[in-house]
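Good morning, colleagues. Please look at the sequence and the structure on the screen, and I shall then go through selected features.

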Amino acid sequence: MFRKLQFVSAALYSLGHGGNDAQKTMGIIAALLYAHGATEKAGEIPFWVVLACQTAMGLGTLFGGWRIVHTMGSKITRLTPMQGFCAETGGAITLFLATHVGVPVSTTHTITGAIVGVGASRRVSAVRWGVAKDIVTAWIVTLPAAALTAALFYYLGFWMK
């Protein structure tokens, strides 16, 4: 039964993922379009931007998402269909609530927390804490690395004027 219900929970999680992550991407593009005078109203999102964001997320999931799915579904802990359903449903509810109140959240953080929680509820030793630590370390390193990269490009752009 849970194997079949996972199709529903996965679809709900995907919908929540698109609703939250695509909104962030579309917002950034809309702000850039407005800043450059390409749109007349702040927050106006042209339909082609919506389609481009949907296409990019779909292609990203198709070509690169399977590695993440594999890590989430089998490297952190072994999930049974019932546990997978619970993790996806919990993640989906979290994403729907966050999107509803307008809070941007990381969908990867959301599903990782749900999977670790489901695995640890079985028994703490069921979670491969080394893998979880590596994921958290990558999250911590990503923000300063992105900031430094942005600062570098800004600095280079400033001097290229």
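**Salt bridges, a loop and a surface patch**

At a relative accessibility of 30%, Lys-24 counts as partly exposed; here buried means under 20% relative accessible area, exposed over 50%, and partly exposed in between, with a 1.4 Å probe and protein chains only. The model is predicted, so local features need pLDDT of at least 70 and side-chain atom pairs count only at pLDDT 80 or more, while totals for chains, interfaces and linings use all residues. Residues are numbered from 1 along each chain as its sequence is written, and side-chain values use heavy atoms, with hydrogens and water left out.

The side chain of Lys-24 meets that of Asp-21 in a salt bridge, at 2.9 Å from N to O. A salt bridge here is a side-chain nitrogen of Lys or Arg within 4 Å of a carboxyl oxygen of Asp or Glu. Both residues lie in helix H1, 3 residues apart, about one turn of the helix. Asp-21 is buried, with a relative accessible area of 18%.

How many salt bridges are there by this rule? The count is 2. Lys-133 also forms one, with Asp-134, and the closest N and O atoms are 3.6 Å apart. Lys-133 is exposed, at 53% relative accessibility, and Asp-134 is partly exposed, at 49%.

Let me turn to the chain as a whole. It has 5 helices and 0 strands; these are DSSP runs numbered from the N terminus, with helices (H or I) of at least four residues and strands (E) of at least two. The C-alpha trace spans about 60 × 30 × 30 Å along its principal axes. Of the 161 residues, 25% are buried.

Next, the loop between helix H1 (2–35) and helix H2 (47–75), where Thr-39 is found. Is Thr-39 buried or exposed? Thr-39 is buried, with a relative accessible area of 8%. Beyond its neighbours within four places in sequence, Thr-39 is in contact (heavy atoms within 4.5 Å) with Ala-30, Leu-33, Tyr-34, Glu-44 and Pro-46.

Finally, the surface. A nonpolar patch with about 1,000 Å² of accessible area together includes Leu-152, Phe-153, Tyr-154 and Trp-159. Patches of this kind join nonpolar side chains (Val, Leu, Ile, Met, Phe, Trp, Tyr) within 5 Å, from residues with over 30% relative accessible area and no salt bridge; accessible areas come from the Shrake-Rupley method with a 1.4 Å probe. Leu-152 lies in helix H5 (residues 129–160) and is partly exposed, at 45%.

Methods. Patches are made of residues with over 30% relative accessible area and no salt bridge: like charges are joined within 9 Å, nonpolar side chains (Val, Leu, Ile, Met, Phe, Trp, Tyr) within 5 Å.
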